[in-house]
Amino acid sequence: MKVIKKSKEINLLFNSSKKFGFVPTMGSLHDGHKSLIKRSIKENDQTIVSIFINPKQFNNKQDLKNYPKDINKDLAICKKLGVNFVFLPTFAEVYNWKKTKNKFPKVENILENKFRRGHFKGVLLVIDKLFNIIKAKKVYLGKKDYQQIQVIKDYIKINKLNIKIIECKTIREKNGLAMSSRNSRLNNQDIMQAANIIKVLRNFKKKNMNMKIKKLQVSKILKDLNVKFDYVDVIKLKTFKKTNHINKDTNLFVAFYLSSVRLIDNF
Ligand code: AMP
């Protein structure tokens, strides 16, 4: 495995005719990341993992400051899995890279875009740079960040880029909680509480009931548990628009806080 810190060096890899898979991450790798990496290794000749905490996508300074980091552990995980290249750039290596003429899609004012203003602009800024530096044809993203997948797919579509997004399923703890780097900031009580909330919400999704009534019930449950939340919404996956009716073509999306850690999920 080769660790590359220079954008130019990694960009030069694409002069070869090998099939590359790319897994962008912010590090602190867990089983969710590992599943993306394993899939890329299976489906491509070479796999590149980037580890870069993108400050531009954090709308909260404290969240950026507290974001977990463990580069040595991450590199050991990548090596063990059989990753070929890890791109480990500085901020300047990414953001000083030449400008593209690519346009950014308009992001609807729902879910994360409503509650984390500027977040997707930051995501698009880094994706625009990373896709220009790492010219892989397949990019592996997790459905835990479903809206992020939609935004990146829109970016690819409007700019007619020859990149395929491989959507990977959410990997969960045994208790149902979606794996996330931020989970390491939760204490045992928070983890039990989070797992309980996810269980209640997943059960709600199964029952056939108008979402307006459900949302009131869900809000009440979260308030009773004294849990602050940003949204509980049902989204049609095809159009990525809000709806009041749950069926097999929709997912329930939620964002809530425990010990000031913000968790998102969808199912
Ligand atoms: P992050 O390091 O949080 O930016 O995530 C890097 C990639 O891993 C993104 O495409 C995420 O959607 C994906 N990811 C994060 N958590 C999970 C999970 N629990 N299951 C599957 N993919 C995940």
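This is a predicted model: local features need pLDDT of at least 70, side-chain atom pairs count only at pLDDT 80 or more; totals for chains, interfaces and linings use all residues.
Let me begin with how the chain is connected: among contacts in the protein chain between residues at least 6 apart in sequence, 73% join residues at least 24 apart.

As for the secondary structure, the protein chain carries ten helices together with ten strands. Its radius of gyration is 19 Å, close to the 18 Å that the globule rule gives for 267 residues, so the chain is as compact as a globular protein of that length. Taken along the principal axes, the box filled by the C-alpha atoms is roughly 55 × 40 × 35 Å.

Turning to burial and surface, 51% of the 267 residues count as buried, and the accessible surface comes to about 14,200 Å², with 51% of that area belonging to carbon and sulfur atoms. On the charges, there are 58 positive side chains and 21 negative ones, and the centres of these two sets lie 3 Å apart.

Now to the backbone, and two residues that I would like you to look at. Most residues other than glycine have a negative phi. Lys-160, however, has a positive phi of about 50° although it is not a glycine; this lysine sits in the loop between helix 8 (146-158) and strand 6 (164-168), and because its relative accessibility is 75%, where over 50% is the cut-off, Lys-160 counts as exposed.

Ser-259 also has a positive phi, of about 45°, without being a glycine, and its place is the loop that runs between strand 9 (250-258) and strand 10 (261-266). With a relative accessibility of 44%, Ser-259 counts as partly exposed.

Key
Residues are numbered from 1 along each chain as its sequence is written. Side-chain values use heavy atoms; hydrogens and water are left out. Helices (H or I, at least four residues) and strands (E, at least two) are DSSP runs, numbered from the N terminus. The radius of gyration is taken over C-alpha atoms; the globule rule is 2.2 Å times the number of residues to the power 0.38. Buried means under 20% relative accessible area, exposed over 50%, partly exposed in between (1.4 Å probe, protein chains only). Contact means heavy atoms within 4.5 Å. Accessible areas come from the Shrake-Rupley method with a 1.4 Å probe; for residues, only the protein chains shown count as cover. Lys and Arg count as positive and Asp and Glu as negative; His and the chain ends are not counted. The place of a charge is taken as NZ of Lys, CZ of Arg, CG of Asp or CD of Glu.
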